[in-house]
Amino acid sequence: MAGAAAVSGRRPQRVSMQEHMAIDVNPGPIRPIRLISDYFPHFCPFAEPALRTPDPHPAVAPALRSAPQLQPNPEPEGDSDDSTALGTLEFTLLFDADNSALHCTAHRAKGLRPPASGSVDTYVKANLLPGASKASQLRTRTVRGSRGPVWEETLTYHGFTRQDAERKTLRLCVCEDPWLRRRRRAPPLGELRVPLRRLLPNRARSFDVCLEKRRLTKRPKSLDTSRGMSLYEEAAEAAAAAAGEERGRILLSLCYSSQRGGLLVGVLRCAHLAPMDANGYSDPFVRLFLYPNVGKKSKYKTSVRKKTLNPEFNEEFLYEGPRQELAQKTLLVSVWDYDLGTADDFIGGVQLSGRASGECQRHWRECLGRSDRRLELWHPLDGAPLQLSD
């Protein structure tokens with residue numbers, strides 16, 4: 001009885017919510033579960049309040065356990081490098097001013113993204129803008145089975161002058177092999193553009209540039225709707241080329257040979273000719289006519305080069321006669337597109353004489369001013385046919 005009275009007179013214990021949830025509800029005295037502090041760190045047993053060693057950092061552990069864990073965001077906001085980088089292209093440009101040529105050496109590409117088909121057979125395609133796409137289009141060989149292809153191949157544009165360097169841009173595209181992807185006009189894996197006015201003559205410059213997505217220009221009003229979205233850019237460039245681009249260029253060599261007693265006219269090559277056929281190409285050849293005709297043979301014609309806008313002829317013709325007499329004549333050079341069964345199409349021409357102007361006059365006078373001096377010059381073609389009577 002005395003013990004019961006002592007118990008009843010003692011102040012009742014307060015049970016926390018954590019204790020209450022862990023109480024073993026059984027008949028008999030209410031006692032907390034042993035070692036409950038292992039499961040509830042905030043609970044301190046009443047039996048040993050003074051023997052508990054205080055936690056040196058009481059708020060650190062609960063805060064670490066209760067704080068949510070930060071998970072990395074698999075989709076970062078905005079465009080990241082992984083979502084925009086299409087790879088890089090290493091290449092070198094050299095403007096050979098002495099030979100009027102632009103050399104583009106494609107070295108290698110890195111980090112290319114494979115297309116949906118999984119193909120990694122790639123090549124590099126180059127274009128000079130503005131200009132007819134097929135006339136200035138060059139490409140490397142195809143490297144197969146590599147996301148880091150190495151080409152080490154040089155593409156050369158002949159007839160590239162200082163005026164071209166000031167106003168033209170080089171576009172390089174890394175493309176899939178058209179024979180392996182089984183579909184035509186697929187977009188390139190990436191492209192880049194280099195303004196050529198940055199080049200210094202006769203000094204090579206290396207580049208390592210990130211590829212970008214293909215640029216689509218504003219749709220021209222004159223574009224037929226049936227041609228599709230993929231031709232927007234080509235149509236705009238073709239319109240710009242038709243507005244201000246020449247009909248092409250021809251490389252001629254002149255030399256008066258004292259040993260053979262006549263003028264040697266060499267037709268070496270043409271570049272960037274205007275396309276005259278429906279397939280976007282031409283079948284060019286060159287006609288030569290020395291005026292006035294004095295009874296000797298004055299007309300020559302080169303062989304035909306099939307389906308090309310950058311033909312190479314390397315043919316030479318001889319006009320016999322004294323140097324002073326030839327200096328008073330006029331040489332007409334015209335480039336034509338051969339058509340079977342119909343009249344040939346005129347592409348362009350140039351007139352060399354002492355009465356001409358600019359480079360045409362200088363070329364003629366320097367070669368006929370002295371003997372055995374060979375001079376090669378590029379001449380732009382005039383789209384207006386030259387009319388001369390006998």
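A residue is called buried under 20% relative accessible area, exposed over 50%, and partly exposed in between, using a 1.4 Å probe and protein chains only. The model is predicted: local features need pLDDT of at least 70, side-chain atom pairs count only at pLDDT 80 or more, and totals for chains, interfaces and linings use all residues. Residue numbers start from 1 along each chain as its sequence is written, and side-chain values use heavy atoms, with hydrogens and water left out. Helices (H or I, at least four residues) and strands (E, at least two) are DSSP runs numbered from the N terminus.

- Strand E2 (residues 101-110) is mostly covered, with seven of its 10 residues buried.
- Strands count as paired if DSSP finds at least two bridges between them.
- E2 runs antiparallel to strand E1 (residues 88-96), joined by nine bridges, and Glu 90 stands opposite Arg 108 in E2.
- Four residues separate E1 and E2 in a hairpin, and Ser 100 in the turn has a positive phi of about 50°.
- E2 also runs antiparallel to strand E5 (residues 150-158), joined by seven bridges; here Ala 106 stands opposite Glu 153 in E5.

**The loop at Thr 308**

- Thr 308 is in the loop between strand E12 (299-301) and strand E13 (312-320).
- Thr 308 counts as buried because its relative accessibility is 19%.
- A polar atom of the Thr 308 side chain lies 3.1 Å from the backbone nitrogen of Asn 310.
- Leaving aside residues up to four places away in sequence, Thr 308 touches Tyr 281, Ser 282 and Pro 284, where contact means heavy atoms within 4.5 Å.

**Helix H9**

- The 12 residues of helix H9 (residues 358-369) should span 16 Å at 1.5 Å a residue, and the end C-alpha atoms are 16 Å apart, which agrees; the expected span is 1.5 Å times one less than the number of residues.
- Cys 360, His 363, Trp 364, Cys 367 and Leu 368 are buried in H9.
- Seen down the axis of H9, these buried residues fall within an arc of 105°, so they line one face of the helix; the arc is taken from the directions from the helix axis to the C-beta atoms.
- Gly 358, Arg 365 and Gly 369 are exposed on the other side of H9.

**Cysteines**

- The structure holds zero disulfides, a disulfide being a pair of cysteine sulfur atoms within 2.5 Å.
- The closest cysteine sulfur to that of Cys 255 is in Cys 367, 7.1 Å away and therefore too far for a bond.
- Cys 255 counts as buried because its relative accessibility is 11%.

Terms used
Polar contact = N/O pair within 3.5 Å; in protein donor to acceptor, adjacent residues only side chain to side chain.
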